[in-house]
Amino acid sequence: MTIDVLYFAWLRERIGVPRERVDTAAATVRDLVAELSARSDWHAAALSDLSAVRVAVDQRLGDLDAPLPGAREVAFFPPMTGG
Amino acid sequence: MRVLVQPEPFDAAALLDGFGAGAGAVVTFTGLVRADDGLVALELEHYPGMTEAALTQHAQAAMDRFALTDALVVHRHGRIAAGEPIMMVATAAPHRRAAFDAADFLMDWLKSRAPFWKREIGPEGPRGWVAAKAEDEAALDRW
């Protein structure tokens, strides 16, 4: 399946792109992280400490165990700082 | 109920004109960019689509939980100079307690559950990304 992967804030800066389209068979976000980390050293570094990373699947907050089949968009970002 | 996500400054007086008509209490909160440590501006990144959806979801939760008659959330993104308003919430209810509590509730949720990320801009240029505060996350436990 094809998924759009989005990065925000320092994750976007460290990985170097705001979004990329990936062809994946990942069953969960955790599997997708493993695949993405193998793409480049920048990916691996940005995704190395997942306690500092939040995830949304199809624009809803999720976690590493969130299932991916059927998802179209996954976003990775730091803890939010609105308000 | 109204949710606005925009880069432009907002006109609070115009937005509040007629807001809460018929209610007994209207509470508004406006957040300003503090000029801490010589900061000249904040730059806010957001997640187009999800940001609007999350603000709408939280505003609706406040409407339901506090039996509000109306709610308004305005949040800017992009570059915002020190001293300028960055966001505003307004709540309308039959009585003041619900309006105050709902505004407090909305602010706590927006701080750590709305997809915005702040970066500080000093006179020398961009500084780092603002780190999330543990106290902001802990504030959600109040609700």
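Predicted model: local features only at pLDDT ≥ 70, side-chain atom pairs only at ≥ 80, totals over all residues.
Residues are numbered from 1 along each chain as its sequence is written, and chains are lettered from A in the order in which they are written. Local features need pLDDT of at least 70 and side-chain atom pairs count only at pLDDT 80 or more, while totals for chains, interfaces and linings use all residues; side-chain values use heavy atoms, with hydrogens and water left out.

Leu68(A) belongs to the largest nonpolar core, which has 33 residues. A nonpolar core is a set of buried Ala, Val, Leu, Ile, Met, Phe, Trp, Tyr and Cys residues joined through side-chain atoms within 4.5 Å; buried means under 20% relative accessible area with a 1.4 Å probe, counting protein chains only. Leu32(A), Leu68(A), Phe76(A) and Tyr47(B) touch the most other members. At least two residues of this core come from each of β1 (2-7), α1 (9-15), α2 (29-37), β3 (54-57) and β5 (73-77) of chain A. Apart from this core lies another, of 29 residues, among them Ala25(B), Leu39(B), Leu110(B) and Phe116(B).

Chain B contains four helices and eight strands, taken as DSSP runs numbered from the N terminus (helices H or I, at least four residues; strands E, at least two). Along the sequence, the pattern of chain B is β-α-β-β-α-β-β-β-α-β-β-α. Its radius of gyration is 15 Å, close to the 15 Å that the globule rule gives for 143 residues, so chain B is as compact as a globular protein of that length. This radius is taken over C-alpha atoms, and the rule is 2.2 Å times the number of residues to the power 0.38. The C-alpha trace of chain B spans about 50 × 35 × 30 Å along its principal axes. Of the 143 residues in chain B, 45% are buried. Among contacts in chain B between residues at least 6 apart in sequence, 77% join residues at least 24 apart.

Four strands of chain B form an open sheet in the order β5-β3-β7-β8, with antiparallel pairing; two strands pair if DSSP finds at least two bridges between them. β5 (78-81) and β8 (125-129) of chain B stand at the edges with a single partner strand each, so one side of each is left without a neighbour in the sheet. Strand β3 (residues 41-46) of chain B pairs with β5(B) in the antiparallel sense over four bridges. Within β5(B), Gly78(B) stands opposite Leu44(B).

How values were computed: Buried < 20%, exposed > 50% of the residue type's maximum accessible area, 1.4 Å probe, protein only. Contact = heavy atoms within 4.5 Å.
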